[in-house]
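Please read these notes alongside the coordinates.

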Amino acid sequence: MSDSSYTKGAAKRLLWLTSASLALAALIGFSPTWGEKGSFVPELALDLQGGTSMILKPVFEEGQSGSAEKLQQAVEIIRQRIDSTGVSEAQITTQGDSAIVVSVPGDTSSELENLISQSAKMEFRPVLVASNGATATVNEAGKPSAPIATSSAKPTDPSDLNNVSAELQSAFEKLVCDASYKVVGIPAEDKPLVTCHRDTGEKYILGAVEVKGTEISDAMAGTETVANGVSTNNWMVNLEFKSAGAKQFADTTTRLFGLTEPRNRFAVTLDGLVVTAPTVEGVITGGEAQITGNFTQAEATSLSNQLKYGSLPIQFEVNNVEKVSATLGVASLQAGLLAGLIGLVVVVIYSLFQYRALAIVTIGSLAVAAIITYLVICFLSWRSGYRLSLAGVAGLIVAIGITVDSFIVYFERVRDELRDGRALNGAIQAGWKRAVRTILVSDGVSLLAAVVLYFLTVGNVRGFAFTLLITTLIDLIVVVFFTHPLLQLLGTRKFFQSGSKWSGFDTKALSSGNYIGRGQFRTPGTSAKDKKAAKEVAKRLTIAERKLQEQDGKK
C-alpha cells in the first residue's frame, strides 16, 4: 500500500467520525428551532434529581379481596406502561400486600397518573337502553324508544331487553352522570351494567360482555382517515383482535346491525365507563376496529399503551401524590464524577510514563469517547426519555477502563512487531490485525454482560447495564475510527519513525537485552551492561510475555 492511500484511508475514517459527531451535536443544538426539547444537559433520574411519588391503593367491592400475586402482577404491568412512555429509572415497589408505591423522576402529569392507576379493563358490550337525561330515551310518541321488559322471560342473547330487571331499571333512573361519577370495583362480565359515558354524560344499561379486552392483540394511536384518504386531526385508537376475538366481534356486529336504535349500538367500556358507543352500520370482519371518543394525542397514546400491556388485575385509586427529593443528590453525583476524574488522571499519567508521546493517542481516544458518549446520552434523554442515574454514571466510569484496555492491547501488539524487525508502518498494520481480534473478544464479553444484565434486572442495575452497553459500543467505534487511523497518521511522521526514546517506539529500549518479543530473548551478552539491560526489559514484560517465558523455562 502506498503512503498516499495509507494516509487517505486513515484521514477518511477520522473525517467520518468527526462528521457524525458534529451532525449529532447539530441535531441536538438546533432542535428547539422546530419545537423540540433537545438539550445539551441530560435529564437526571430519581436518585439525582427527585421526582413524584404516588401511592396506589386497591379498590374492592364488598366481598372482594386482593392477593400478593395480583399485586405483583400489577407492578409488572405498571412498569411496562411507564417504560412505554419513555420515562426511565422509575421505582415501583409494593407496600406490604396493601398498596403499590410508584416513584417517577421529574414532575408527573395527570395523563401519567391515569396511565398508572387505571385498571384499563376494556370490554365490548351491547347497548340495551340509552339516555341523555334522567329518563330513558323517548320517541315522537313520548314512549321509550327501547321499552323496558317487565316479563320474566329468559333472555335469548345479550341484546334481549329481558336482561333488564326492575332493579336495573330503578338504578338507571336514579343514576346521575357527572364528572364525579366513577365505577367502583371491576364489573361482572356476565351481567348487565348500568353506567355513564365518561365525556358526554349519556347513561346506559349495557348487556353482558361480548368481547373481552384480553382478545386485543395490538393497539396503536393514530389519526382518523376519512373516505377520500385524507387524514384528519381526530385522534383514535386502532385495535387488532386475536382470532377468537375477531370472530366474536364479527358475530356481535352481525346481530346488532339488524336492530333498532339504541340496541344497534356497541359500547366500548374502560374500567366500567363508556368510552364510545357507536351505531353499527355494517358487519365488521377482519379482526380490526377503531375507538373514537374526542381523544387528544396524549389520551389516545395512553389508552393504546394501557390496552397493549393488558389490564390490571385490581382496580386502584391514587391515594397520595407528593414530591420527593433526590435520594442521593448532587453531592453523590459530584463524588462519582470526582472518582471518574481521578481515574482519568491516573490513566493519563500512566500513559505518559509508559508510552511517552503515544499518550497523544490515549488522551485523544478518551476525549473523543467522552464527547460521543455525552452526545449520545443527551440525544437519548431528549428522544427516548432516558434519565442518567448514579448507577449510569458508574457505567460511564467503567468505560474509561474499557477504552484504556483497547489502546494498551493495540500498542503492545505494535511493539511486538517492531521487536520482530518490522518498519513502523508495517508494525502498525500487522499489530492492528492481531489487536483487533483481542479487542473484539474483550468488548464482546462486555456487551454480553450488559445485555444479560439489562434484560434480567430492573431499576438501577438496568441503568448501569444500559450505559455499559452504550460505552462498549462507542469504544469499538472510537478504536476503529479514531485510535487506529490516528496512529497510522502518526506512524508517517519522522519523529515516531526515528525510534526516539520519547516517541513510545524507542527501538533501543525495545531491543535492549537482546529481547526479540513474545517473551523470547536472543542469547544475552556477558557484559554487565547487557545483563542490566536484560533485567530492565524483564521488568517491563507483559503478563502474557512472562507466562511464555515461564513455559520456555520448563521445557
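A crossing is left-handed if the near helix is turned anticlockwise from the far one by less than a right angle, and right-handed if clockwise. Helices (H or I, at least four residues) and strands (E, at least two) are DSSP runs, numbered from the N terminus. The model is predicted: local features need pLDDT of at least 70, side-chain atom pairs count only at pLDDT 80 or more, and totals for chains, interfaces and linings use all residues. Residues are numbered from 1 along each chain as its sequence is written, and side-chain values use heavy atoms, with hydrogens and water left out.

1. Helix α9 covers residues 359-383 and helix α12 covers residues 460-490; their axes come within 9 Å and cross at roughly 140°. Axes here are lines fitted to C-alpha atoms, for helices over the stretch in contact, and angles run from 0 to 180 degrees between N-to-C directions. The two helices, α9 and α12, are therefore oblique to each other. On that scale, angles under 35 degrees count as roughly parallel, over 145 as roughly antiparallel, 65 to 115 as roughly perpendicular and the rest as oblique. The crossing of α9 past α12 is right-handed.

2. Which residues of α9 meet α12? On the α9 side they include V361, V368, I372 and L380, and on the α12 side F466, I474, F482 and L490 are among them. Contact means heavy atoms within 4.5 Å. Sorted by class, the contact of α9 with α12 has 15 nonpolar, five polar and no charged residues. For these classes, Ala, Val, Leu, Ile, Met, Phe, Trp, Tyr, Cys and Pro count as nonpolar, Asp, Glu, Lys and Arg as charged, and the others, Gly among them, as polar.

3. The length of α9 can be checked. Its 25 residues should span 36 Å at 1.5 Å a residue, and the end C-alpha atoms of α9 are 36 Å apart, which agrees. The expected span is 1.5 Å times one less than the number of residues. Just after α9, G385 takes a positive phi of about 75°.

4. Helix α10 (residues 390-419) also packs on α12, at an angle of about 30° and with the axes 8 Å apart. That makes α10 roughly parallel to α12. The crossing is right-handed, and the contact of α10 with α12 has 14 nonpolar, eleven polar and one charged residues.

5. Between α10 and helix α11 (residues 424-456) the angle is about 145°, with the axes 7 Å apart. This crossing is right-handed. The contact of α10 with α11 has twelve nonpolar, five polar and six charged residues.

6. The structure holds one disulfide, a term used for a pair of cysteine sulfur atoms within 2.5 Å. C177 and C196 form it, with their sulfur atoms 1.9 Å apart. The S-S torsion of C177 and C196 is about -80°, so the disulfide is left-handed.

7. The peptide bond from E261 to P262 is cis, with omega near 0°; P262 lies in the loop between α6 (243-256) and β10 (266-270). R356, in the loop between α8 (329-355) and α9, has a positive phi near 50° and is not a glycine.
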